[in-house]
There are 2 protein chains.
Amino acid sequence: MPQLTLMLNPPLREAASVIADAVAKHRLLIVLGRCSVRYTGRGASRLGPGDRLVIVKPDGAVLVHRPRGYSPVNWQPESSSITAEETGEGLLLRSVRGRPREVLEVLFTRLDLVLAVEGLEDTAEFIEYLDESEIRDYLAEHPEEIEEGLHVIRKERPIGEGYADIVARDRAGNYVVIEVKRVTAGKDAVLQLHRYVEALRRENPEAKVRGILVAPSIAKDARTLLNSLGLEYKQIDVQRLYRKIAAAQARTVTQTRSILDFFKKKQEEKPRG
Amino acid sequence: MPQLTLMLNPPLREAASVIADAVAKHRLLIVLGRCSVRYTGRGASRLGPGDRLVIVKPDGAVLVHRPRGYSPVNWQPESSSITAEETGEGLLLRSVRGRPREVLEVLFTRLDLVLAVEGLEDTAEFIEYLDESEIRDYLAEHPEEIEEGLHVIRKERPIGEGYADIVARDRAGNYVVIEVKRVTAGKDAVLQLHRYVEALRRENPEAKVRGILVAPSIAKDARTLLNSLGLEYKQIDVQRLYRKIAAAQARTVTQTRSILDFFKKKQEEKPRG
DNA sequence: ATTTCAATGTCGCCT
DNA sequence: AGGCGACGTTGAAAT
């Protein structure tokens, strides 16, 4: 059970030592109060006084959140070194990152709440489904989803400066470079594919090399660009593929972290779904 | 002054109504406790039980933070609709986003702290310096930093599908497309420049079009690609440019949000720096 | 609403 | 440590 050290509306001086102690002992620290923020590093920013929530994690990550929005207005990644001290202007929380050198300073002029938490336990594994690699791996196993007669040579093939998702040969023996996207493909995806096709052509000047962009949809301009580059587009239904992936895994040995877990739990949740 | 509603180690049932009330009234909500997390939407994820910090902002943004790391393990952007209720399994906090449809569920089995905050005030303007546009604008005014004799035609010129940072003519009358980066340029930057050069060539088949990538450094492979595409690279010293930008602004009319403010404050801070 | 691009992007993987 | 690409990228600006 986590142990809490809590202060409500503490004087700055009193809070300073508690905060300094908390960060020194790598506790989770939560501070709510009125502050100004300064950041200098890769970029630079200033933020005048306002009520904000500041979080310092046991690993040294710092987050400054305004009352609105998903993203912190300022932050510092893990392993920043942190100090806290009372100055003439207020309570200064200072976080310094080494490489690249970046400094984040939060100057509190009023504290509403200071909370230090010790003994947090969180060892659970974070499990993600439905990412691009799952689609890519399935399509590599089942290239007929893209085109009949495709024979996969390899996945994640290093080509030139990057990696082609899948390289295959078609029925006629031509090389086929396949780029997979799980979201709408833009021209960046088209150019990525183009680059791999060109690189493979340079490697095999005698061979014909096709390029197929596989995605649930494609932006209009990206489609135009794709056509002009002589590339092809194959639409896929991501949801349908996920179901197939789950079904395929159901037929194989039980795996941990299987996409099956995802559908199983969905099932339990909504027996009528 | 913000008003706090605080509960320590509250029973789930009791907390449920407080939490539901807080989110309904768009208060900042901070919850610390043991929970599991499920997300389904563009992707999908599962996270087993562990101690976490959950934040619900007045605008409906939701953040689930583990004890380590900068980024939330799960989240929901602003304007998600949120409900909280006690179920047989625990206290379920549910956030639903409309388009795209995404559902985030946090199931608490133990609560260490529940805090609702009303009346947060934060109207200060967030001021950023040293972003790309500042470099671009300065270079457009001082193209000699890139090459002697350059004459800028325009900035942010729409070309093909995007915008070239700067388009100029060199001493020989050739078109010069300039792409500016404030960080190490990768091949994406090279390809971006290449695309603009090609587009301008199509627009002006008779003209010679050069392409210059301006960046503090360039990745090795990106350099190779750049060379093979017949493009050029001009190194810049970003810190030196910033100083020049500040100096240039010092000579012009006072502006709000000037980079000068940034250096001024630095000066005050370190009179001997 | 869609497209495009920057970002203190962050994060993970690989060399 | 550097390069590379995915990300539930997010966010802003322009069309």
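In chain B, Pro100(B) lies in the loop between strand 7 (91-97) and strand 8 of that chain. The model described here is predicted. The peptide bond that leads from Arg99(B) to Pro100(B) is cis, with omega near 0°. A cis peptide bond also joins Arg99(A) and Pro100(A), where omega is about 0°. Pro100(A) is placed in the loop between strand 7 (91-97) and strand 8 (102-118) of chain A. A further backbone feature concerns His26(A), which has a positive phi of about 55° although it is not a glycine. His26(A) is found in the loop between helix 1 (12-24) and strand 2 (28-40) of chain A.

Strand pairing within chain B was examined next. Strand 2 (residues 28-40) of chain B runs antiparallel to strand 8 of chain B, and 13 bridges join the two. Within strand 8 of chain B, the residue that stands opposite Ile30(B) is Leu115(B). Strand 2 of chain B is also joined to strand 3 of chain B, by 11 bridges and again in the antiparallel sense. Here Val31(B) stands opposite Val54(B), a residue of strand 3 of chain B.

Strand 9 (residues 126-129) of chain A pairs with strand 3 (residues 44-56) of chain B over four bridges, in the antiparallel sense. Within this strand of chain B, Ala44(B) is the bridge partner of Tyr129(A).

The contact between the chains draws on 69 residues from chain A and 68 residues from chain B. The area buried between chain A and chain B is about 6000 Å², and carbon and sulfur atoms give 61% of it. Across this interface, 24 residue pairs are in polar contact, with both residues at pLDDT 80 or more. On the side of chain A that touches chain B, strand 3 (residues 44-56) of chain A supplies the largest share, 11 residues. By residue class, that side of chain A divides into 33 nonpolar, 11 polar and 25 charged residues.

Over all chains, a search of the whole structure finds 42 salt bridges. Between chain A and chain B the count is four salt bridges. One of the pairs that meet in a salt bridge is Asp122(A) with Arg52(B), whose side chains have an N to O distance of 2.6 Å. Asp122(B) forms a salt bridge with Arg52(A), and the closest N and O atoms are 2.6 Å apart. This latter pair crosses between chains: Asp122(B) is in the loop between strand 8 (102-118) and strand 9 (126-129) of chain B, whereas Arg52(A) is in strand 3 of chain A.

The arrangement of the two copies was then considered. Chain A can be laid on chain B with an RMSD of 0.2 Å by a turn of 179° and a shift of 0.0 Å along the axis.

Notes: Residues are numbered from 1 along each chain as its sequence is written. Chains are lettered from A and ligands numbered from 1 in the order in which they are written. This is a predicted model: local features need pLDDT of at least 70, side-chain atom pairs count only at pLDDT 80 or more; totals for chains, interfaces and linings use all residues. Side-chain values use heavy atoms; hydrogens and water are left out. Contact means heavy atoms within 4.5 Å. Buried area is the accessible area (1.4 Å probe) that two parts lose on being put together, summed over both. A polar contact is a pair of N or O atoms within 3.5 Å; within protein, one must be able to donate a hydrogen and the other to accept it, and residues adjacent in sequence count only if both atoms are side-chain atoms. Ala, Val, Leu, Ile, Met, Phe, Trp, Tyr, Cys and Pro count as nonpolar, Asp, Glu, Lys and Arg as charged, and the others, Gly among them, as polar. Two strands pair if DSSP finds at least two bridges between them. Copies are superposed by least squares on the C-alpha atoms of residues with pLDDT of at least 70 in both.
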